[in-house]
Amino acid sequence: MRILYLDCFSGISGDMTLAALADAGADREYIEQELSKIKIEPFQLQWTRVIKRGISSLKMDVLLDPNKQPNYHRHYSEIIRLIETAGFNEYVKATSLAIFEKIGIAEAKIHDIPLDQVHFHEVGAIDSIVDVIGIALALDSLHIERIYCSPVPLGSGTVRCDHGIYPVPAPATLEMMKGLPIAPTPYTMEMTTPTGAGVVSGIVHEFSKGLPPMVVESIGYGAGTRDLLNQPNVLRAIVGSVDPYLAKWHVQHDYTQITQQEHAHTEHHHHHEHSHDHDHGHNHSHDHDHNHNHSRKKDNPVIHERKVLYRTDHTHEHDHHHPHSHDHDHNHDEDDHRHGHGTTPKQ
């Protein structure tokens, strides 16, 4: 099974996600050809190689026709119609609709209006529409079947949008991130945009603080617009596969053979049961029984039936009767889920 891990250590936005997926190997020609099916104002994608704090990354920009006045405002129903009538395959259509649905539901709740009446501002602009559909096309190109994501830093401070000066995270962003893992950040700026939050809440299946068990095949870096003080402003996309026999994947190194031989030699001299008979009439018999139970307390949030790979159950039973035996029983119970939003500038 082909999987994707989104490493959002500097947040996430639509353009960063599309660029990261392209940098990880998504077919740019396929993406651009399919995007031309959308019946909106003329545009083109510009791909630029940039360096962010020493990291070579890909920057994606949507360039508009300077002779055409772009439409920055669209209703949710209009965007849905654009996607459904473009002729995309079912995967691309379903993925695009899932992201916009999350954005639309969040906006509808914030403004207290029906979903069909939601009026997008920046998210209704061409670049945001291209970002979302482009992400769906990139995922299709990479044959991604399951998406994992790190906790997401949202940022702080304020940002100016069509409604005026808003707090960061923007209301729609925060609404979409309810129940999902949020990471702290020292930066007083918008780290995650509404489009980025739509991606995270709309199509991510599982959340993990680190990489899931996988065989890594490609890595991509998508650049944000700003430069951060102490870290690269990039989104890392890690593409790979899950092997059903991953637990049996062994790599033999020379040093491990030496270590194993030394361990076997050491164990040969440590098979002992103490029984000491002394001439002065005392008989000492030492039988050591040590039971150690180490159990970490679970951090077990229930997040809309998604898997959250924070939980750690480590129960170690050690019975030491020299010779000694170690039984380790690790049980990880996880829920499973598969499932199917925006008023601020991009990061």
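Predicted model: local features only at pLDDT ≥ 70, side-chain atom pairs only at ≥ 80, totals over all residues.
Local features need pLDDT of at least 70, side-chain atom pairs count only at pLDDT 80 or more, and totals for chains, interfaces and linings use all residues. Residues are numbered from 1 along each chain as its sequence is written, and side-chain values use heavy atoms, with hydrogens and water left out.

Helix H5 covers residues 126-141; helices (H or I, at least four residues) and strands (E, at least two) are DSSP runs numbered from the N terminus. Of its 16 residues, 15 are buried, where buried means under 20% relative accessible area, exposed over 50% and partly exposed in between (1.4 Å probe, protein chains only). Just after H5, His143 takes a positive phi of about 60 degrees.

A nonpolar core is a set of buried Ala, Val, Leu, Ile, Met, Phe, Trp, Tyr and Cys residues joined through side-chain atoms within 4.5 Å. The largest has 67 residues, and Leu4, Leu6 and Phe100 have the most contacts inside it. H5 gives the most to this core, with ten residues. A second, separate core of five residues includes Ile3, Tyr5, Met214 and Ile238.

Ile219 lies in strand E12 (residues 215-223). Ile219 is partly exposed, because its relative accessible area is 42%.

Notes. Expected span 1.5 Å × (residues − 1).
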